[in-house]
Amino acid sequence: MNPVPVPGDLEPIPGQLALPGMPSAAGADGGAGGQLVLPGLESPAADTPDGEADDDAELAAVAAELRGLDGDGSRMAAAIRGALDMLLDGQHTGRYRWGQLHKTEKTHAGTLVEIALARALRLADGAALDYTIAGADVDCKFSHRLGGWMIPPEAEGKLMLLVQASDEDGTWSAGLLRAAEANLRQAGNRDGKRALSERGRAAVRWLHARAPLQENALTRLPERDVAAIFAAGSGQQRVNELFRRAQRMRVSRTVVATVAMQDDYMKRVRGGGGARDQLRSEGIVIFGDYAGDQVLASALGLPRPGPGEFVSARLVRRSDDGQLHDYARSIHIAGSDWQLASPADMVGAAPALPRCVSRRSA
């Protein structure tokens, strides 16, 4: 199954692995610029060596059940994103990267992902393992690193739902595997847990392989920009700096909460004194998940903000001679045509975005 597109068609992630069926920046001919495919990802959701997965009727039934529950993976993706955000707790800690977590917190990530997936997909508890899916006991294992799962002795021979996600890569994966002896390394750790063998990595039946994870803008910005954002004195000033420096990127509510570190963080974005008003004099507008904002952002070639997301950009009025920048598109607001500003354009006030009652979310 190919990675599932998200609203707004994310741009290709730098360094993204080349997968069958996934278009690359180099084109369909697989030209230069791609990377080698990791073992076990050669053919996501396809047959495994020697037809092993096809011969495992229980595994096939579980795969069919999960695809029926969440065909495009959107529910799993949202659950994983929510679990990671809960673990980071950015609103109260200011943390936004996996590396900022303590070792014990990283260990707890698997439990949060397991619970989040059970709720999102309404999975029943297992008899001995985490879930009952299609009548089979299934254990859920999470790893921040692809291939980093550790299988406990009690799960040997059982079905595994293997989940991986990384903000640094901006992707997540989920697949099924029978934890057979041949699929595990011989040596284990002191708890008896064993990693997947080369055969095991190749035998994973991928439900979703390197699908887009909702972007964490703070992990995409240069360190100097992140430092400048957090150096601002107040929550409002930090949110203003976020939208100055994270222009033309999707910014989630979670990122806003992480930067503001206040209970009323959404107030720091809205009009009526928030960033939308304070940055307008600098030519910066903030598109949200209002239907009208989504249309305007797309018309300018910006990422389309999804539910709970924002995209900021500096605009300039189209010149009187009607000329556009070579690359520009324009939108019509308040009687004038506006286009994305280039670094050479003079700073001037931006228009207020039109508002209507209907919107996708608050």
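Glu309 lies in strand E11 (residues 309–317); strands here are DSSP runs of at least two residues, helices (H or I) of at least four, numbered from the N terminus. The model is predicted, so local features need pLDDT of at least 70 and side-chain atom pairs 80 or more, while totals for chains, interfaces and linings use all residues. Residues are numbered from 1 along each chain as its sequence is written, and side-chain values use heavy atoms, without hydrogens and water.

**Exercise 1.** Work out whether Glu309 is buried or exposed, and what its side chain reaches.

*Solution.* 
- Start with accessibility: Glu309 has a relative accessible area of 7%. Buried means under 20%, exposed over 50%, partly exposed in between (1.4 Å probe, protein chains only), so Glu309 is buried.
- Next, look for polar contacts, that is, N or O pairs within 3.5 Å; within protein, one atom must be able to donate a hydrogen and the other to accept it, and residues adjacent in sequence count only through two side-chain atoms. The Glu309 side chain meets that of Gln214 at 3.0 Å and the backbone nitrogen of Gly306 at 2.7 Å.

**Exercise 2.** Find which strands stand at the edges of the open six-stranded sheet.

*Solution.* 
- Write down the order: E1-E2-E3-E5-E6-E8, with mixed pairing. Two strands pair if DSSP finds at least two bridges between them.
- Now read off the ends: E1 (124–125) and E8 (205–212) each have a single partner strand, so one side of each lacks a neighbour in the sheet.
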